[in-house]
Amino acid sequence: MSTNWNNKKDIHRAFHDLITPSSYEEKIKDEARLIMARFLSEVETSYKKKGWRRKDLAKKIGTSPSYITQLFRGTKLINLEMIAKMQDALNIKFNISSVDLDEESSLEKHESSYLNQKILGKEGFWVYKPFPKSAQEDEIDSDFSIEDDNHLIIA
Amino acid sequence: MKRKAIKISESADHKKAIYVDKQNAEKIYHYINQDKRHKNKFRHITHIILEGLRNTELYDKEDIDKKSKGVTAMKFFKGQENDRIYCKEITTENKTFVVIACELHQKKKSKGISHKEKNIIHNVAEYEYELE
């Protein structure tokens, strides 16, 4: 199907196709790079805050600046030992949390249906939101194992 | 006259969005669509922007002087082809953070900013947009 470059919908569709992974394998590779990027975002913020350059970080963790550059460019994937070394060198700690996307989408549907109902009735409306989870529930289990949990997201 | 920009992607919370300059959309599209390597890189950069992550190796400000405020660059294959898509960052009235991919610049040769690049960056800084 040819693209009419003056047509908003055509342009949107063309780019949407570009940024949609073409296979499950591609989607997983994207996710892996994104998880790495979440770590590296924190790493970059931290080493710049300390006034370091990338080569300083490389030296501290015993690797080459070009390896670090390849990680930042997304051409190589980081491993957990390297994350531990960065954490140690920068004296930081990564906090890990996860979001249940099923729960999140059902909550959105619930709120959206409630709002639609009230708006259709032409009434003023209150927006009810569930109480936040207790502080205890929000605490991260300190005994977690990365290998035991395969859907962790880094904050 | 205001230029037009078309939305191509947004974050799940709708607080961040990526648009493309309508006038340059075809050129930018064909550049990204040339092979899998370019498409993978573009997807990765869009994810980084939409999550608000910091990675100056792939996306960074190009504020070379006072006349280049709000201009950024998506960086493709630094140290190799060294291509750029110059972008403009704006915040809409409803507080959505928007990055508009404005101008493609291929084979950035020098490490510093050439006269040609300076011109593109200054032009992009002056672009005004109507978001479609």
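# Exercises on a two-chain model

B:Ile32 touches A:Phe15, A:Leu18, B:His38, B:Lys39, B:Phe42 and B:Ile85, leaving aside residues up to four places away in sequence; contact means heavy atoms within 4.5 Å. This is a predicted model, in which local features need pLDDT of at least 70 and side-chain atom pairs pLDDT 80 or more, while totals for chains, interfaces and linings use all residues. Residues are numbered from 1 along each chain, chains are lettered from A in the order in which they are written, and side-chain values use heavy atoms, without hydrogens and water.

**Exercise 1.** State which residues touch the most other members of the largest nonpolar core.

Solution. Step 1: a nonpolar core is a set of buried Ala, Val, Leu, Ile, Met, Phe, Trp, Tyr and Cys residues joined through side-chain atoms within 4.5 Å. Buried means under 20% relative accessible area, with a 1.4 Å probe and protein chains only; exposed means over 50%, and partly exposed is in between.
Step 2: the largest core has 33 residues, and those touching the most other members are A:Phe15, B:Val20, B:Ile28, B:Ile32, B:Met74, B:Phe76 and B:Ile85.
Step 3: a second, separate core holds 19 residues, among them A:Val43 and A:Ile78.

**Exercise 2.** Describe the contact between chain B and chain A by residues, area and salt bridges.

Solution. Step 1: chain B gives 33 residues and chain A gives 28 residues.
Step 2: the buried area is about 2,900 Å², with 58% from carbon and sulfur atoms. This is the accessible area (1.4 Å probe) that the two parts lose on being put together, summed over both.
Step 3: there are 7 salt bridges between the chains, each a side-chain nitrogen of Lys or Arg within 4 Å of a carboxyl oxygen of Asp or Glu. One of them joins the side chains of A:Glu26 and B:Lys36, at 3.7 Å from N to O.

**Exercise 3.** Find out whether B:Thr56 is buried or exposed, and what its side chain meets in chain A.

Solution. Step 1: B:Thr56 sits in the loop between H2 and strand S3 (59-61) of chain B. Helices (H or I, at least four residues) and strands (E, at least two) are DSSP runs, numbered from the N terminus.
Step 2: B:Thr56 counts as buried because its relative accessibility is 15%.
Step 3: its side chain makes a polar contact with the side chain of A:Lys48 at 3.2 Å. A polar contact is a pair of N or O atoms within 3.5 Å; within protein, one must be able to donate a hydrogen and the other to accept it, and residues adjacent in sequence count only if both atoms are side-chain atoms.
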